[in-house]
Amino acid sequence: METKKGKQPDRKEIPPYGTEITGSEALIFSLIEEGVDTIFGYPGGAIMPVYDALFDYQHHLQHILVRHEQGAAHAAESYAKILGKPGVVMVTSGPGATNLITGLANAMVDSVPIVAFSGQVPSNLLGTDAFQETDVIGITMPVTKWNYQVTSAEELPEVVAKAFYIASTGRPGPVMIDITKDAQFGKVKWNYKKCTKIRSYFPYPKVDEEKVEEAAHLINKSKKPLLIAGRGVLISNATDELMQLATKADIPVTTTLLGLSAFPSDHPLHVGMPGMHGNMAPNIKTNECDLLIAIGMRFDDRITGKLDEYAPQAKIIHIEIDQSEVDKNVKTDVALVADARDALRKLLPLVKENDHKEWIESFEKEYEHEYEHVIKPAREAKGKDIKMDEVVHLISEKTKGEAIVVTDVGQHQMVAARNYNFKRARSFVTSGGLGTMGFGLPAAVGATVARPDRTVIGFAGDGGFQMTIQELGTIGHYRLPVKMVLLNNSFLGMVRQWQDLFFEKRYSFTELVNPDFIKIAEGYGIPGQRIEKRDDLEKAIDTMLATEGPYLLEVAVMKEQNVFPMVPAGASVSDMVTK
């Protein structure tokens, strides 16, 4: 039936195996067989046959039309982090594919499963500099776990199965599949078999029983143990095992930026976040503990500070699935190269019940000092300017720690990580290793699509917000109920902070002249308001949370607020500055 909106889709079902179909249909059917329910994408000439095939299967596959391909990658990454399964991206050739690079690199560093598909010029034109031809395989090789170019329809089902297996097993990561246009038009007899094994690829190393016994021995005799949990705990769904280990052996737990929400923020054994802008207690106690148990983290420089002064007194147990991360930065005493949940399940029966009351109380003393000198002043409703901390803290209380929090990158990111009280696992999404400004808005899209039943709060600064501001179009188009909180200080805040502390306040090109963000949002049909007075803050948050659908709350915050504590670059983690 023809309408002003064009022909309406038929409601087709997947044909039986053995039916002759096109390569484009084979791709769509393969995605359905893999349990995919959502694609984040942007159509174009070289991928048009696949989009045409998708037209009749929209009842199987939801497609979210982003406003920029980078947004598709970030949305898919957030979707994957929330649900623990691969996010799927589909774009065209040339600039469509190259616009994914930042998103793929971000997912690669943060170990997130994405399966991305790009269209490509016909195989007979490869290497001729045809219109919108780019060497996608060469360009994406450094930022993907695996990539492959499909040049015939017959390859597609097997390659798709392999892509999902590689992306989601072992240490997860992004995969890129480039499909020539003739492969999309070509014919293939439909059949699909999920991939469960690849020769020479062993994603789950066997747990070394001797190493488990060594680790248990160190834990049982330790007087001052400290657990540091990273994103690997969430990837392996080991949050229950982490809780069991911590409570059985009475060990304080610190969660990295990417590990936040792996352990409840308000649990008595949770002692905060370590690292450059982490809490004082876990940083100082890292250099006092006699045993450091690192689970699913890679000892990033933002965690360790000066390496030769990082926990030099401690024995170190490292539970990590990727052998290449072991002893890369920090020398370990016992390395359990295995899936975190597998390793913890082997370890738990050998760990004895213990009591480290005095050791745990020493963390509380450090926290009290930080609370009085850093946290409380930053949250206090005092002075004429609203502070970022008081905004995040109030939203945390209003949502009772039950929201999914998504952030962009910058000062607000650290403030959100420090001030939101996470109650549930897989509730924090941010860009860690790559630190990608512009991540927040499209990531909020992905989080909302993944869990439409939960409140999603997206925190952003005015710099990062403008890098992907076009995704307001996606939010408005689908009426996604994202609650966007724009903490506007009219600066590239984190860069300005470093200029303040280390470059004699020479604010070189970091002050921003911003547009009217509320009017821009209104242009996309998104309601919102800007507040400048503290007296309006609580009511504005209540309005945002009560509004059905999307909402933008812009809060004018203190222009030159710095985020403390802070470990200066090159310093020891125990040498934190508070002002």
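**Notes on the predicted model**

1. Six strands form an open sheet with parallel pairing, in the order E3-E2-E4-E5-E7-E6; strands (E, at least two residues) and helices (H or I, at least four) are DSSP runs numbered from the N terminus, and two strands pair if DSSP finds at least two bridges between them. At the edges lie strand E3 (62-65) and strand E6 (146-150), each of which pairs on one side only.

2. The model is predicted, with local features needing pLDDT of at least 70 and side-chain atom pairs counting only at pLDDT 80 or more, whereas totals for chains, interfaces and linings use all residues. Residues are numbered from 1 along each chain as its sequence is written, and side-chain values use heavy atoms, leaving out hydrogens and water.

3. Strand E4 (residues 87-91) pairs with strand E5 (residues 114-120) in the parallel sense over five bridges, and Gly87 stands opposite Ile114 in E5.

4. Helix H3 (residues 69-83) lies across strand E2 (38-41), E4 and E5, and runs at about 165° to E4; such angles run from 0 to 180 degrees between N-to-C directions, with axes fitted to C-alpha atoms, for helices over the stretch in contact. Helix H18 (residues 440-450) also packs on the sheet, where it touches E2 and E3.

5. Glu554 lies in strand E19 (residues 551-556), and it counts as buried because its relative accessibility is 2%, the cut-off for buried being under 20% relative accessible area (1.4 Å probe, protein chains only). Leaving aside neighbours within four places in sequence, Glu554 has contacts (heavy atoms within 4.5 Å) that include Leu486, Phe517 and Arg530.

Conventions
Buried < 20%, exposed > 50% of the residue type's maximum accessible area, 1.4 Å probe, protein only.
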